[in-house]
2 protein chains.
Amino acid sequence: MFQIDPLSRIPIYEQIAEQTEKLILLGLLLPGDPMPSVRSLSVELGTNPNTIQKAYSELDSRGTICSVPGKGCFISKDAKAVLEKRAKQRLGQLYTLCESLKLAGVTMEEMTDTVRQVFGKGDGNT
Amino acid sequence: MFQIDPLSRIPIYEQIAEQTEKLILLGLLLPGDPMPSVRSLSVELGTNPNTIQKAYSELDSRGTICSVPGKGCFISKDAKAVLEKRAKQRLGQLYTLCESLKLAGVTMEEMTDTVRQVFGKGDGNT
DNA sequence: CAACTGTACTAACCGTAATAGTACAGTTAC
DNA sequence: GTAACTGTACTATTACGGTTAGTACAGTTG
């Protein structure tokens, strides 16, 4: 379910959180779906239960999942809406990155071309 | 010359390196210009000389500055070219970010608009 | 009651950033 | 040559965050 790279500079708990939210956006995890239990996922990934709990508590505080003591953790009802709303705010990151690239001589065309490639409209030759 | 945030998650030595390269791209630091000495900058920024040295050795290995024992550190002759070349490779970062935003429902138009804003062509009303 | 769930807590280990202090070699100007 | 600067190297120490380890407690389910 998750692919963890223990050697990455990105903390394991953050990798889990990111991948969970990606699965939600892809529609592979739907509202109400149960997350693996803290202990079972720790066994599956070969990590410590505390690390999983940290990922889950992070996701819970973001509103992505709902932790229910005694029952489990479940995908939040409005998880997708929450994630899409956050993405709009992340346009600021895009602005900052482009600003930096512009300063280093990358042209507007190179950037817009990159955006188009993401949307499968790379060069217009098709 | 530099504005350091000791509370930032970004290491001090990296902040110095980043800001140095930004000053070069802005044309405020020209090839041959001397960098502040390790000791004087450490006093100015209130940091440890070792931290400055780490920033300088990082910049030296990137080809941004040239460290000359006994004389000082100077902006590399082709510093700007090096930085511009690196920027082209950083288009991959842009691609990854846009990919993530796309997944979260951000439209291509929202992204290209952001790019245009960076180049001062925000809404076409002017 | 038994087996599961999330949660809380302390202790320990490790890597990295940063500080502190010392030392050495090259350059420059007097 | 000496003094004052320059970069460089090295060890030791502190601090913090990520991770592991182990234990414990409360709620849920069958």
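1. Sugar and phosphate account for 61% of the atoms of DNA strand C within 4 Å of the protein, and bases for the rest. This is a predicted model, in which local features need pLDDT of at least 70 and side-chain atom pairs pLDDT 80 or more, while totals for chains, interfaces and linings use all residues. Residues are numbered from 1 along each chain as its sequence is written, chains are lettered from A in the order in which they are written, and side-chain values use heavy atoms, without hydrogens and water.

2. By class they are eight nonpolar, 11 polar and five charged. Nonpolar means Ala, Val, Leu, Ile, Met, Phe, Trp, Tyr, Cys and Pro, charged means Asp, Glu, Lys and Arg, and the others, including Gly, are polar.

3. Phosphate oxygens of DNA strand C lie 2.4 Å from a backbone N or O atom of Ile12(B) and 3.0 Å from one of Asn48(B).

4. Helix 3 of chain B gives the most to the surface near DNA strand C, with three residues. Helices here are DSSP runs (H or I, at least four residues), as are strands (E, at least two), numbered from the N terminus.

5. DNA strand D is also surrounded by 24 residues, with Arg39(B) and Ile12(A) among the closest. A backbone N or O atom of Val38(B) lies 3.0 Å from a phosphate oxygen of DNA strand D.

Key. A residue is near a molecule or strand if one of its heavy atoms lies within 4 Å of it. A polar contact is a pair of N or O atoms within 3.5 Å; within protein, one must be able to donate a hydrogen and the other to accept it, and residues adjacent in sequence count only if both atoms are side-chain atoms.
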